[in-house]
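Subject: Structure handover

Hello,

Here is the structure I promised to pass on. My notes follow below it.

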Amino acid sequence: MLNERIHQIWARELNLDDFSDTDDFFELGGHSLIMTRVQAAIQQEIGIEVPMDELFRNPTVAEISAHLAQAPTAA
């Protein structure tokens, strides 16, 4: 499931085990350099290229997952 895969990427890149899919990336300690790693991981592991501005506009796992589910190349 896309939501679970995004959550796993965030958990790894933020070095967090326990957070909600509705928690804000930046409130969890994320910043632009980590966001760049998240962007690359989504591209490599899921095969969807997501523009950086979309990651900033959708700062929760739930929001970015919903956005990516609408992408033409969504897995």
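Start with F25, which is buried, at a relative accessible area of 0%. Buried means under 20% relative accessible area, exposed means over 50%, and partly exposed lies in between (1.4 Å probe, protein chains only).

Some ground rules. This is a predicted model, where local features need pLDDT of at least 70, side-chain atom pairs count only at pLDDT 80 or more, and totals for chains, interfaces and linings use all residues. Residues are numbered from 1 along each chain as its sequence is written, and side-chain values use heavy atoms, with hydrogens and water left out.

Now the rings. Searching the whole structure gives three aromatic pairs. Rings of Phe, Tyr and Trp (its six-membered ring) pair if their centres lie within 6.5 Å; planes under 30 degrees apart count as stacked, over 60 as edge-to-face and the rest as tilted.

W10 and F25 form an edge-to-face pair, because their ring centres are 5.1 Å apart and their planes stand at 70 degrees. W10 is buried too, with a relative accessible area of 1%.

F26 and F56 make a stacked pair, with 5.3 Å between centres and 20 degrees between planes. F26 is partly exposed at 31% relative accessible area. F56 is partly exposed at 37%.

Ring pairs join W10, F25, F26 and F56 into a cluster.

W10 has other neighbours as well. Leaving aside residues up to four places away in sequence, W10 touches N15, F19, D23, F25, V38, P59, T60, V61 and I64. Contact here means heavy atoms within 4.5 Å.

Best wishes
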